[in-house]
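Hello,

The structure we spoke of is pasted below, and my notes follow it. Please read them with the model open.

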Amino acid sequence: IPQVDEPPTEKKEFVDDFGETIADLFPNCTVLFADIAGFTAWSSTRDPSQVFTLLQNVYQAFDKVALRRRVFKVETIGDSYVAVTGLPEPQEAHAVI
C-alpha cells in the first residue's frame, strides 16, 4: 500500500523553475460559490432595472454578512457570488462562519 503524505496544515508556496511563487496552498479555508437558481429564466422576462435591483439587494446583504464575519469576497459574476474564509488570513473556524 503506497504511503500517503499528511495534508499540509499551513500555507505552502509553489514556485517555478526560477524560484518565483506561482501559487499558494491554503489547506484550511472554505470557498462559497452562491448562484441564484432559475435566475436566467427569471431575468429574461424582467426589465433590466428589476434585474439590477435584485442583484444589488442580494449582493449588499451578502456583503454585510461577509464584513461582519471576516469573509473575503472574491468576486461577483452575473448572479454568482464567490467568497472565501481562512485566507489570506487564517481562521480556525473557517468552515462554520
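Phe14, Ile22 and Leu25 together make a nonpolar surface patch of about 260 Å². A patch takes residues with over 30% relative accessible area and no salt bridge, joining like charges within 9 Å and nonpolar side chains (Val, Leu, Ile, Met, Phe, Trp, Tyr) within 5 Å. Areas are Shrake-Rupley values with a 1.4 Å probe, and for residues only the protein chains shown count as cover. Leu25 belongs to strand β2 (residues 21–25); helices (H or I, at least four residues) and strands (E, at least two) are DSSP runs numbered from the N terminus.

This is a predicted model: local features need pLDDT of at least 70, side-chain atom pairs count only at pLDDT 80 or more, and totals for chains, interfaces and linings use all residues. Residues are numbered from 1 along each chain as its sequence is written, and side-chain values use heavy atoms, without hydrogens and water.

In helix α2, the buried residues are Val51, Leu55, Tyr59 and Ala66 (buried is under 20% relative accessible area, exposed over 50%, partly exposed in between, with a 1.4 Å probe and protein chains only). The face of α2 turned away from the buried side carries exposed Lys64, Leu67 and Arg68. After α2 comes Arg70, with a positive phi near 60 degrees.

The count of salt bridges is 1, where a side-chain nitrogen of Lys or Arg must be within 4 Å of a carboxyl oxygen of Asp or Glu. Lys73 pairs with Asp63, their closest N and O atoms being 3.3 Å apart.

Regards
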